Amino acid sequence: MSRGMREQADLLLGEWACLGVLYPGPSHGFAIAQELRSDGDIGRVWSVTRPLTYRALEQLQSRGYVETRGTEPGTAGGSRTMLAVTRSGRAALRAWLATPVVHLRDLRSELLLKLVIAKRCEIEVKPMLVEQRRVVRAMIRAHNDRSDVVSLWRREAAEAALRFLDHLE
């Protein structure tokens, strides 16, 4: 699907990650990119290169989820543009965090990203986790064919995800 065809709330995981890094308070692109490096707090779950971080921030601005909040001096000269999450961006992030992951293949990346961002932003996700358990239990029930290697793999993965969710309680 092309970027032009995506709906307003249909963000890529890298865009959600940028919004989550920015949610607690204003920052600039370089600092956000540092958080999203593979050794950063959020980057260890979902890493984004610096160019893609800046592209994601542009997309968030074009959707009205992020706005410019002035500049500050940079460490190597020049200035850095400070960005902040808008009211609609805050609402979109909270709504995304409240929505369970519906595809088994996305649990590792999207669910972990949601949990790390929710903790960072101090947003309660217990109701989402209750619903996530319901979704995962349905995944387990859907994969009963133990003679089919794909179905067996999916069932085992879903059961592992349910154990993980149980540990979060």
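Contact here means heavy atoms within 4.5 Å. The structure is a predicted model.

**First stop: Arg108.** Select Arg108, which lies in helix α5. Leaving out residues up to four places away in sequence, Arg108 touches Arg44 and Val45. Val45 is 63 residues from Arg108 in sequence, yet the two C-alpha atoms are 8.6 Å apart in space.

**Second stop: helices α4 and α5.** Viewed as a crossing, α4 passes α5 in a left-handed sense. To display the contact, show Leu93, Trp96 and Leu97 on α4, together with Glu110, Leu113, Lys114, Ile117, Ala118 and Cys121 on α5. By class, this contact comprises seven nonpolar and two charged residues, with no polar ones.

Keep Leu93 selected and show its surroundings. Apart from residues up to four places away in sequence, Leu93 touches Trp16, Leu19, Gly20, Tyr23, Ile117 and Cys121. Which residues of the largest nonpolar core touch the most other members? They are Leu19, Leu93 and Val136, in a core of 45 residues. At least two residues of this core come from each of α1, α3, β3 (79–85), α4, α5, α6 (126–142) and α7 (149–168).

Select α1 (residues 13–22) and α3 (residues 50–62), which pack at an angle of about 80° with their axes 9 Å apart. These helices are therefore roughly perpendicular to each other. On the α1 side the contact is made by Gly14, Glu15, Cys18, Leu19 and Leu22, and on the α3 side by Thr53, Ala56, Leu57, Gln59 and Leu60. Six of the contact residues are nonpolar, three are polar and one is charged.

Move to helix α6 and select Gln132. Is this residue buried or exposed? Gln132 has a relative accessible area of 0% and is therefore buried, the cut-off for burial being under 20%. Beyond its neighbours within four places in sequence, Gln132 is in contact with Pro100, Val101, Leu107, Leu111 and Leu165.

How values were computed:
Residues are numbered from 1 along each chain as its sequence is written. This is a predicted model: local features need pLDDT of at least 70, side-chain atom pairs count only at pLDDT 80 or more; totals for chains, interfaces and linings use all residues. Side-chain values use heavy atoms; hydrogens and water are left out. A crossing is left-handed if the near helix is turned anticlockwise from the far one by less than a right angle, and right-handed if clockwise. Helices (H or I, at least four residues) and strands (E, at least two) are DSSP runs, numbered from the N terminus. Ala, Val, Leu, Ile, Met, Phe, Trp, Tyr, Cys and Pro count as nonpolar, Asp, Glu, Lys and Arg as charged, and the others, Gly among them, as polar. Axes are lines fitted to C-alpha atoms, for helices over the stretch in contact, and angles run from 0 to 180 degrees between N-to-C directions. Angles under 35 degrees count as roughly parallel, over 145 as roughly antiparallel, 65 to 115 as roughly perpendicular and the rest as oblique. A nonpolar core is a set of buried Ala, Val, Leu, Ile, Met, Phe, Trp, Tyr and Cys residues joined through side-chain atoms within 4.5 Å. Buried means under 20% relative accessible area, exposed over 50%, partly exposed in between (1.4 Å probe, protein chains only).
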